[in-house]
Every structure is written in C-alpha cells, then in structure tokens.
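Visitor: I would like a close look at a single part of this structure. Please take me through it step by step.

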Amino acid sequence: QVLLVESGGGLVQAGGSLRLSCAASGHTASTQAMGWFRQAPGKLREFVAAIRSSDGGTHFSDSVKGRFIISRDNAENTVYLQMNRLKPEDTAVYYCAATTSTYCSSSECYDVSTYDYWGQGTQVTVSS
C-alpha cells in the first residue's frame with residue numbers, strides 16, 4: 001500500500017508559478033513511477049507528467065512541455081511538479097499517482113489505468 005498526499009495548490013495569476021508536492025509513504029520501494037494528472041470541471045482526468053523511479057526518466061504532455069518540470073527527492077519520498085508560465089487553461093484539480101507494476105517507458109505512462117494509487121488532489125486556479 002502506498003499513501004500519497006499532495007500539497008501546494010492555490011490561486012495564481014496567469015504567467016505565475018506554483019510548485020506542487022506529493023509526499024509518499026508506505027511501500028514506496030515498490031513504486032516504479034510517479035505521475036501527475038489533472039481534471040478540470042466536466043472533463044476527463046488527463047496526464048500531465050511522470051517520472052520513473054529507477055533512472056529519473058520523465059514524460060510530459062504536449063500542453064505542459066517546456067513549462068512544467070517534474071522532479072523527485074528520493075530521501076524524502078517526495079515528487080514535485082514545478083509549474084511555470086501558468087495559463088487559465090491549467091486550472092484543475094491536480095492528482096499525484098503511483099504505479100507499482102509499470103516501468104513507464106513510453107505511452108503507458110499517460111494512461112490513468114496504469115496507476116495503482118492516487119492522492120486526494122489539490123486545486124490549482126489560474127486567473128486571467
């Protein structure tokens with residue numbers, strides 16, 4: 001079992017930055033990769049970014065590539081999502097997720113069903 005707790009959401013103006021944190025506890029050694037997803041009202045949950053546990057390899061959706069950075073602190077069992085140049089369309093609830101079964105080498109990283117554990121979500125609102 002892996003418990004995930006997100007923090008760092010809030011209200012920011014367009015063009016600003018926020019950093020989200022995801023603290024993991026429990027059987028974190030079994031985690032193959034960690035991901036961030038987001039869900040806006042009336043929309044499906046969508047992939048944002050992911051990072052592999054083994055080598056730190058990363059993946060990003062096209063909508064955030066070049067603006068968002070995903071990183072990890074293995075000693076603290078924490079994954080971060082640094083969000084820069086935020087846009088109103090980035091407004092959503094952001095969820096942290098962990099997969100214990102998938103190496104996350106390519107497209108499987110983008111799939112909601114790949115992930116076994118989810119956090120409770122943190123709201124990010126970007127005003128225009």
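Visitor: Which residue does a disulfide join to Cys104?

Guide: The partner is Cys109. Keep in mind that this is a predicted model. In the model, the two sulfur atoms of Cys104 and Cys109 lie 1.2 Å apart.

Next, check how much of each end can be reached from outside. Buried means under 20% relative accessible area. Cys104 has a relative accessible area of 0%, so Cys104 is buried. Cys109 also has 0%, so Cys109 counts as buried too.

Now turn to a neighbor, His59. This residue sits in strand β6, which covers residues 58-60. His59 has 12% relative accessibility, and therefore His59 counts as buried. A polar atom of the His59 side chain lies 3.3 Å from the backbone oxygen of Cys104.

The structure holds two disulfides. In the other, Cys22 pairs with Cys96, and their sulfur atoms are 2.0 Å apart. The link of Cys22 and Cys96 is left-handed, with -75° about the S-S bond. This pair ties distant parts of the chain together. Cys22 belongs to strand β3, Cys96 belongs to strand β9 (residues 92-99), and 74 residues separate them. What about burial here? Cys22 is buried because its relative accessible area is 0%. Cys96 counts as buried as well, at 0% relative accessibility.

Count the bonded cysteines along the chain, and the disulfides follow the pattern 1-2, 3-4. Follow that order as you trace the chain. You come to the link of Cys22 and Cys96, and to the link of Cys104 and Cys109.

So, back to the part you asked about. Find the backbone oxygen of Cys104, then look for the His59 side chain, with a polar atom 3.3 Å away.

Key. Residues are numbered from 1 along each chain as its sequence is written. This is a predicted model: local features need pLDDT of at least 70, side-chain atom pairs count only at pLDDT 80 or more; totals for chains, interfaces and linings use all residues. Side-chain values use heavy atoms; hydrogens and water are left out. Helices (H or I, at least four residues) and strands (E, at least two) are DSSP runs, numbered from the N terminus. Buried means under 20% relative accessible area, exposed over 50%, partly exposed in between (1.4 Å probe, protein chains only). A polar contact is a pair of N or O atoms within 3.5 Å; within protein, one must be able to donate a hydrogen and the other to accept it, and residues adjacent in sequence count only if both atoms are side-chain atoms. A disulfide is a pair of cysteine sulfur atoms within 2.5 Å.
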